[in-house]
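Thanks for coming. I will go through one model today, chain by chain, and then the place where the chains touch. Please have a look at it first.

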Amino acid sequence: MATKLLFFHGSPGASVKIILTKTEFDPWAEIKTFQTNSPHIRGKHGATATFVGTMRDFNEGDTVTMMTLEYYPGMTEKHLEKIVAEAEKQWNFLDCLVVHRVGDILPNDPIVLVSVWSSHRGAAFDACRFIMEQLKSKAPFWKKEHTENSVRWVAKNSSGYEGAK
Amino acid sequence: MSIHVRFFASLREQLGVREQCLEAEGIETVEDVWKRVNPKLSLPEHVLTAVNMDYADVNSLVKDGDEVAFFPRVTGG
């Protein structure tokens with residue numbers, strides 16, 4: 001696998017970009033680069049919604065020192081593209097960027113970035129949330145945690161709506 | 001031609017098998033694929049399946065040349 005893989009989704013006018021990367025990435029630099037290279041959204045986007053998922057150094061009461069993210073080459077990319085395409089059917093947004101780490105990850109490293117650009121905030125917020133929740137429940141990635149005393153697979157993701165009052 | 005079977009994550013480690021090629025004769029469904037590879041173990045309920053990289057279920061049809069995958073619940077993001 002290349003250090004960084006790019007997948008372009010063919011929506012008209014948009015340059016939707018999906019990246020799987022084995023190396024640490026800076027989400028804010030990725031956003032800046034994407035915007036710089038996307039003249040079609042200049043002056044058109046009134047809203048940008050961004051989600052960044054970052055590795056914690058704790059889980060289920062244990063200190064986590066490292067995580068290994070496995071994926072299913074081919075199916076993972078295919079399903080990320082499918083998720084973005086589903087979002088495009090539901091919301092009218094201008095463009096989208098998805099970056100996801102694979103391989104070995106350390107605490108405080110960004111794991112995932114989802115950014116959506118749209119004319120008004122509603123589409124950007126909703127599509128960003130949809131893509132993130134679908135990614136968590138459908139895209140074939142698996143986390144293996146390395147704690148101080150053991151190595152274990154994460155059994156399931158928590159609900160994205162936990163913590164709401 | 002044959003059926004290419006793949007296992008991922010904790011399931012791969014539990015079974016000790018990463019991938020396997022099966023003769024397609026006698027195999028009609030995803031469940032048949034599982035039984036051929038794991039004759040003494042029924043397919044656990046939480047295990048997800050895919051045929052040619054699309055989600056499937058135990059009754060999904062499988063043909064010669066297909067790729068069938070088994071894996072646990074996904075935990076990305």
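Chain A reads, from the N terminus on, β-β-α-β-β-β-α-β-β-β-α-β-β. That comes to three helices and ten strands, where helices (H or I, at least four residues) and strands (E, at least two) are DSSP runs, numbered from the N terminus. The radius of gyration of chain A is 16 Å, close to the 15 Å that the globule rule gives for 165 residues, so chain A is as compact as a globular protein of that length. The radius is taken over C-alpha atoms, and the globule rule is 2.2 Å times the number of residues to the power 0.38.

Before going further, some conventions. This is a predicted model, in which local features need pLDDT of at least 70 and side-chain atom pairs count only at pLDDT 80 or more, while totals for chains, interfaces and linings use all residues. Residues are numbered from 1 along each chain as its sequence is written, and chains are lettered from A and ligands numbered from 1 in the order in which they are written.

Back to chain A. Its C-alpha trace spans about 50 × 45 × 25 Å along the principal axes. Of its 165 residues, 33% count as buried; a residue is buried if 20 or more other C-beta atoms lie within 10 Å of its own, exposed if 12 or fewer, and partly exposed in between, with C-beta atoms placed from the backbone. Of the contacts in chain A with a separation of 6 or more, 72% are between residues 24 or more positions apart. Two residues are in contact if their C-beta atoms, placed from the backbone, lie within 7 Å.

Now chain B. Its elements run β-α-β-α-β-β-β from the N terminus on, which is two helices and five strands. Here the radius of gyration is 12 Å, close to the 11 Å from the globule rule for 77 residues, so chain B is as compact as a globular protein of that length. The C-alpha atoms of chain B fill a box of roughly 35 × 25 × 20 Å, taken along the principal axes. Buried residues make up 31% of the 77. Among contacts in chain B between residues at least 6 apart in sequence, 52% join residues at least 24 apart.

The five strands of chain B form an open sheet, in the order S2-S1-S5-S3-S4, with mixed pairing. Two strands pair if DSSP finds at least two bridges between them. At the edges are strand S2 (19-22) and strand S4 (54-56) of chain B, each pairing on one side only. Strand S3 (residues 48-51) of chain B pairs with S4(B) in the antiparallel sense over three bridges. Ala50(B) stands opposite Tyr55(B) in S4(B).

How many residues of each chain are in contact with the other? In chain B 13 residues are in contact with 24 residues of chain A. Helix H1 (9-15) and strand S5 (67-71) of chain B each supply at least two residues of the side that touches chain A.

Is Met75(A) buried or exposed? Met75(A) is buried, because 21 other C-beta atoms lie within 10 Å. Leaving out residues up to four places away in sequence, Met75(A) touches Pro140(A), Ala50(B) and Met53(B). The C-alpha atoms of Met75(A) and Ala139(A) are 8.1 Å apart, although 64 residues separate the two along the chain.
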